Amino acid sequence: MSSARSEILANIRRSLGVNGLESPRKLEVQSRLSQKPRGLIPSRGAGEVEAQLNIFKREAEIVSAHVHILDSLNQAPAEIARLMKSHDLPMALRLGADQRLNGLDWSQAGLALSFGPSKGDDQAAFSHAFAGIAETGTLALLSGPDNPTSLNFLPDVHFVALAQNDLVSDLETVWVRLRKLNGDHHLPRTINLITGPSRSADIEQTLLLGAHGPRHLHILIYRH
Amino acid sequence: MTQHPTSTYFKDNAHRALQNPQLQKALGNSRKGFIERRAQAAARLPEFEALRDSARDIKNHVLAHLDLYLETYEQNVIASGGHVHYARTSEEASQIIIDLCKERGARSVTKGKSMVSEEINLNAALEKAGIKPIETDLGEYIIQLRKETPSHIIAPAIHLNKEQVEADFRKAHQHLSPERDLSQAPQLLQEARAILRQQFLAADVGITGANFLIAETGSSVIVTNEGNGDLTQIFPKTHIVIASIEKLVPTLEDASQLLRVLARSATGQDMSVYTTLSTGPRRSADPDGPQDYHVILLDNGRSSMLGGEFNDMLRCIRCGACMNHCPVYHAVGGHAYGWVYPGPMGSVLTPSLIGIEKSAPLPNASTFCGRCEEACPVRIPLPKLMRHWREREFERHLTPAVARSGLAFWAIFAKRPRLYRLCTSIAMRLMALAAGEKGLFTSLPFAKGWTQQRDLPAPQGRTFQEQWQKVRGNQ
């Protein structure tokens, strides 16, 4: 194994005509890794808060997600109950351990709640996003006990709460916020960037929703 | 074992493909769609062309410092609790994966779509070792049932029609009612979804590829629309990533630049539905995710391409835009190319990976129309690289005798401009006469290969040079 490693590295260096110890090369790599140049960021996602919300909504709807704007997260249980009835789903919902969601008043929603990762038989789940990216209508979700990754993929209908404060213009801003939160070397196990519900065009190039993941993605953006 | 190539038979393969009505019908579904969708996505983003430059520059930078980024990446995978394995060849890569599976007593593995796993012929190696591989991308699942290889790098079953898929599902899923209706694509999708759902939950090991490996964080990135690559890595105890060494990028920011050109070039989406960054195994508090995480880094000839004539090919991000825009691919489909990577990118990469002697016709399977280079998100000069292979093919006497003598004959005229002008002007006039009023040849001696498929427009009587002289004289 280690011989494969050293042989591959040696071959790369022979092809490039270097020995791996040259300081200008090392410096260039170190400076790129520490400075993390942002490259070219499209202007599409930029704007004031309200404008960004509209861009996010437009982009998410282009990719067949449903966007609902709530004044408060407290309205989420009733909104989810309403949407589940419209999908004709059994009134059961799975959540992780996120206190922002678990701490809501669910008593009037008429929903049977269950908690923790999905085992594959849940019709609906509710997660909280880390961020929303206006440029492409994309949600960023982080793995962990609060929002288990399996909830993003197994249910037929996925509800995702997104605080308006967590809307950003572009992907690069998500990385800046993650580094601030966790330091440079501590990404969660999984970061899911989700842009619309699951789909496939593998049969005759016909686009169909709900390939392996959710058939419907409802994004609940709340202002407070 | 590396996938067995039939690229030397490209001409016969192509001939059969042109005569195959099923294939021609299926290819008809895709010819326009990909091109239009990419053009629309590019038009919606004013920065698209500049992002292509940015993507090209990032890849060039990585390739010039690949040894250092590999070392950084490896350190960060280990720091996040994962393991890195290096494989020089297909055989080594397959063996590492088999050993990992056996150590864990694995009987079935689910697989996300991975062209590198096709390159190393992983499924055959797993089956030989008594481990059942299950492809979970819908297109890959269909072709696995048919014991075929992908005919396109992002749309593996593009060569099939839904009636063929229906027949395959009826044969493979015999526990289901024979009376069920499978006449429409949504029913086929629903059936595959239900069957694969069980496999995701039952598998011991999940194997995915990687679109990018991020040196800064030690993360692997996959991009899918179905969500199968995610289900593949959430449930099994072990997640194995198989990726080739040129997939490295320095930072999260660099990966973001490349993501902006990848989906747009591939399917015309701004972003694919699921872009997933995986870093190490699940953390101690995590309720789901794999308990161990292994990355196999495959060389298989790539380190020798660095710094040489074919260095630019290593920028490829496997979007498929070159084949989507290729008139030759449109006519014959992917299988005719005879190995894992079809279309223009395959015509350059295949000779690099398996040798020009096993793939000599591929660099010739191009009209050099240049559409591949125009569409390539990382601006790989594909026609130029194919020309390099043609030169090498000629130097090594791999070019067929007829083509060699044809070239020698043409060279007599090309080196003597006056003789060339005289002969062509006589020939053009004769051909214009022979074609008569139709202006078309429907059959020609020595050119059946052309006229069987289409008519040859006849010259109008004057050569280009003669017309050019006249136009210039008028100015």
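Modeller: Gladly. Start with a rule: two strands pair if DSSP finds at least two bridges between them. Keep in mind that this is a predicted model.

Biologist: What is the order of the open sheet of 6 strands in chain A?

Modeller: The order is β1-β12-β7-β4-β2-β3 in chain A, and the pairing is parallel.

Biologist: Why do β1 and β3 of chain A count as edges?

Modeller: β1 (66-70) and β3 (112-115) of chain A each have a single partner strand, so one side of each lacks a neighbour in the sheet.

Biologist: What makes β7 and β12 of chain A a pair?

Modeller: Pairing takes at least two bridges. Strand β7 (residues 157-163) and strand β12 (residues 216-222) of chain A have 7 bridges, in the parallel sense. They therefore meet the rule for a pair. One example is Val160(A), whose bridge partner in β12(A) is Ile219(A).

Biologist: Which strands does helix α3 of chain A touch?

Modeller: Helix α3 (residues 49-62) of chain A packs on the sheet and touches β1, β7 and β12 of chain A. The direction of α3 makes about 150° with that of β1(A). Helix α4 (residues 76-86) of chain A lies across β1, β2 (92-95), β4 (124-128), β7 and β12 of chain A. Helix α4 runs at about 150° to β1(A).

Biologist: What is the order of the open sheet of 8 strands?

Modeller: The order is β8(A)-β5(A)-β6(A)-β9(A)-β9(B)-β6(B)-β5(B)-β8(B), with mixed pairing. At the edges stand β8 (167-168) of chain A and β8 (248-249) of chain B, because each has a single partner strand. Within chain B, β5 (residues 212-214) and β6 (residues 219-224) pair in the antiparallel sense over 3 bridges. There Phe212(B) stands opposite Val221(B) in β6(B).

Biologist: Why is the contact between Arg260(B) and Glu172(A) called a salt bridge?

Modeller: The cut-off is 4 Å between a side-chain nitrogen of Lys or Arg and a carboxyl oxygen of Asp or Glu. In Arg260(B) and Glu172(A) the closest N and O atoms are 2.8 Å apart, so the pair qualifies. Asp254(B) and Arg32(A) also form a salt bridge, at 2.7 Å. Asp254(B) lies in helix α12 (residues 252-266) of chain B and Arg32(A) in helix α2 (residues 23-35) of chain A, so this pair joins two chains.

Biologist: How many salt bridges does the rule find across the interface of chain B and chain A?

Modeller: The rule finds 14 there. A search of the whole structure, over all chains, finds 50.

Biologist: How many residues does each chain bring to the contact?

Modeller: Chain B brings 104 residues and chain A brings 80 residues. The area buried between them is about 7,600 Å², and carbon and sulfur atoms give 56% of that.

Key
Residues numbered from 1 in each chain as written. Chains lettered and ligands numbered in written order. Predicted model: local features only at pLDDT ≥ 70, side-chain atom pairs only at ≥ 80, totals over all residues. Heavy atoms only, no water. Contact = heavy atoms within 4.5 Å. Buried area = accessible area lost by both parts, 1.4 Å probe. Helix = DSSP H or I, 4+ residues; strand = E, 2+ residues; numbered from the N terminus. Axes fitted to C-alpha atoms, helices over the stretch in contact; angles between N-to-C directions.
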